[in-house]
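Subject: Structure handover, pockets and cavity

Hello,

Please find the structure below. My notes on its pockets and its cavity follow.

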Amino acid sequence: MDYTNMFLKNYTNLEFVSLTDRLNLKIGIDQEIITFFYQNLKFQYFPNSNLLRMKNSLHKFFNSIDGDGSKNNLNDFTLSNARCVAEILSVVYINRDIDDFNISATFEFGLNVQAPTTPFSIIERYMAYQVHNSINDFTTCEPRKGKPIMRKSHLSDYDLKFYDKGKASDLGGLDILRYEVVFKQIRKLRSVLDEQDITLTTILEDHNWKKLCDYMIDVYRNIKKSPLLLDGSLNLIEVMNLHMFGNKTLKQDLARHLSKSQFNALMKASKGNYNEVSDLEGNLHNVVERRIIEKLNYISR
């Protein structure tokens with residue numbers, strides 16, 4: 001659980017003044033929108049509509065006030081940590097019940113895993129994400145400096161994001177792979193949780209946290225990945241078949257140049273090769289998947 005967008009309705013001017021007093025801030029309420037930052041969280045108050053918004057990384061907020069003081073999200077952020085943050089916001093700062101913290105987009109659920117090799121050498125092999133009959137390519141994101149460290153797959157209501165967390169934090173040699181599902185529309189989060197009204201309480205319930213964890217595993221398993229074996233055991237035809245299975249554009253080109261029966265036979269062979277290689281113990285993607293599952297179990301405590 002990382003970037004979170006929350007809002008409280010019917011938050012009165014008097015409550016807002018009490019909040020700023022608790023934070024030792026002197027802020028007037030003579031503006032239409034009042035914005036300030038506190039320990040990585042962005043607060044926005046709308047006096048005319050009595051709406052209070054809070055957004056940014058709850059993980060970084062936790063590390064800023066009650067964790068390791070690093071103000072980053074390199075460590076693990078567990079369900080217990082998230083509940084601690086909710087209690088702090090509710091009791092210490094906002095003085096409202098956790099049920100009053102409504103969740104809206106954008107909402108990120110992610111984790112860090114120790115990669116078995118350099119993270120981008122894994123990430124660059126994520127070809128596409130398939131959900132139902134839709135194939136969504138991964139694209140490499142242009143870095144602010146240096147070589148690329150991130151790839152994303154963009155869907156209408158959510159994004160999948162993978163990047164080298166060590167390099168993103170300017171801490172080389174850590175080989176930490178960051179995996180996030182970014183909910184851009186609240187309807188997608190509602191669909192995953194099978195809940196209509198989503199509050200901070202909703203997210204922090206055991207069964208809903210598990211739904212998010214299970215969803216991350218399902219998503220990862222539906223990513224088409226080119227093989228990552230270090231023993232050079234694949235022949236040329238197998239390598240070509242594996243890339244054919246995961247490359248949307250190549251499939252479209254082949255469909256235009258082959259008969260339907262030829263194309264179907266080729267796809268059947270490529271799928272067979274892909275499934276066979278995907279199950280190999282030496283495929284590092286399987287190592288990453290196991291570590292994702294282990295980490296999800298760990299952060300659920």
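Four elements each supply at least two residues of the lining of the second largest pocket: E11, H9, helix H11 (260-278) and helix H12 (284-299). H11 gives the most, with five residues. Please note that this is a predicted model. The volume of this second largest pocket is about 350 Å³. Its lining has 19 residues, and Arg221, Ile223, Tyr274, Asn275 and Ser278 lie nearest the centre. By class, the lining splits into six nonpolar, seven polar and six charged residues.

Ser226 sits in the loop between strand E11 (223-225) and helix H9 (236-246). Ser226 counts as buried because its relative accessibility is 4%, against a cut-off of under 20%. Apart from neighbours within four places in sequence, Ser226 is in contact with Arg125, Met127, His243 and His285.

The largest pocket holds about 650 Å³ of space. It is lined by 24 residues, the closest to its centre being Pro143, Arg144, Ile149, Lys167 and Ala168. Helix H4 (119-123), strand E9 (158-164) and helix H5 (165-168) each supply at least two lining residues, and the largest share, three residues, comes from H5. Eleven residues of this lining are nonpolar, five polar and eight charged.

There is one cavity of 30 Å³ or more. The largest cavity has a volume of about 70 Å³, and the residues lining it include Met1, His59, Arg178 and Ile299. Strand E5 (residues 102-114) gives the most to that lining, with three residues. Four of the lining residues are nonpolar, four polar and two charged.

Regards

Terms used:
Residues are numbered from 1 along each chain as its sequence is written. This is a predicted model: local features need pLDDT of at least 70, side-chain atom pairs count only at pLDDT 80 or more; totals for chains, interfaces and linings use all residues. Side-chain values use heavy atoms; hydrogens and water are left out. On a 1 Å grid over the protein atoms alone, a cavity is a set of points where a 1.4 Å probe fits but cannot get out, and a pocket is an open set with protein on both sides within 12 Å along at least five of seven lines; lining residues have an atom within 4 Å of a point. Grid points are joined across faces, edges and corners, and a volume is the space filled by probe spheres set on the points. Ala, Val, Leu, Ile, Met, Phe, Trp, Tyr, Cys and Pro count as nonpolar, Asp, Glu, Lys and Arg as charged, and the others, Gly among them, as polar. Buried means under 20% relative accessible area, exposed over 50%, partly exposed in between (1.4 Å probe, protein chains only). Contact means heavy atoms within 4.5 Å.
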